[in-house]
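The sequence and the structure are shown first.

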Amino acid sequence: VSLNKNIIDVEFSELDEGILGIAQAMNDDSHIKIRIDRENWFEASPAMRWYVLYHELGHDALNLGHGYGGRMMNPISDYGYSWSEFWEDRQKMFFYHISK
């Protein structure tokens, strides 16, 4: 996947309850702007953290909406994701993006 982003801005922020992360530059191909909720981040498993990052990058870098690109692009729940599920879902998201 080729990305032409000039600015990458990712930081911890206090987000509304229940929101782990938010992509703030979806459909703006000049930059990536992602905010991650600090408290939820430190309570999440490593696999869940990667899910959050890839999910938000799916919005911001690939311009994918919820429900497009497999389970990786579904709204993230409290479900405990495994590494094998992460790798499979990540691959499906990229294949979806490449095929469209």
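How many positive and negative side chains does the protein chain have, and how far apart do the centres of the two sets lie? In this predicted model, the chain carries 9 positive and 16 negative side chains, and the two centres are separated by 7 Å.

## Overall fold

The protein chain contains three helices and three strands. Read from the N terminus, the order of these elements is β-β-β-α-α-α. The radius of gyration is 13 Å, close to the 13 Å given by the globule rule for 100 residues, so the chain is as compact as a globular protein of that length. The C-alpha trace extends over about 35 × 30 × 20 Å along its principal axes.

## Packing and surface

Of the 100 residues in the protein chain, 34% count as buried. Among contacts with a separation of 6 or more, 56% are made by residues 24 or more positions apart. The accessible surface amounts to about 6200 Å², and carbon and sulfur atoms contribute 51% of that area.

Five salt bridges are found in a search of the whole structure. One of them pairs Asp 9 with Arg 35, with 3.0 Å between the closest N and O atoms. This pair links distant parts of the chain, as Asp 9 belongs to strand 1 (residues 7-13) and Arg 35 to strand 3 (residues 31-37), 26 residues apart.

A network of salt bridges links Asp 9 and Arg 35 with Glu 11.

Arg 71 forms a salt bridge with Glu 85, the closest N and O atoms being 3.6 Å apart. Here too distant parts of the chain are linked: Glu 85 is in helix 3 (residues 83-99), while Arg 71 is in the loop between helix 2 (46-60) and helix 3, 14 residues apart.

A salt bridge also joins the side chains of Arg 71 and Asp 89, with an N to O distance of 2.8 Å. Asp 89 lies in helix 3 and Arg 71 in the loop between helix 2 and helix 3, so this pair ties together parts that are 18 residues apart in sequence. Which of the classes, buried or exposed, applies to Asp 89? Asp 89 counts as buried, at 6% relative accessibility, whereas Arg 71 is partly exposed at 30%.

Terms used: Residues are numbered from 1 along each chain as its sequence is written. This is a predicted model: local features need pLDDT of at least 70, side-chain atom pairs count only at pLDDT 80 or more; totals for chains, interfaces and linings use all residues. Side-chain values use heavy atoms; hydrogens and water are left out. Helices (H or I, at least four residues) and strands (E, at least two) are DSSP runs, numbered from the N terminus. The radius of gyration is taken over C-alpha atoms; the globule rule is 2.2 Å times the number of residues to the power 0.38. Buried means under 20% relative accessible area, exposed over 50%, partly exposed in between (1.4 Å probe, protein chains only). Contact means heavy atoms within 4.5 Å. Accessible areas come from the Shrake-Rupley method with a 1.4 Å probe; for residues, only the protein chains shown count as cover. Lys and Arg count as positive and Asp and Glu as negative; His and the chain ends are not counted. The place of a charge is taken as NZ of Lys, CZ of Arg, CG of Asp or CD of Glu. A salt bridge is a side-chain nitrogen of Lys or Arg within 4 Å of a carboxyl oxygen of Asp or Glu.
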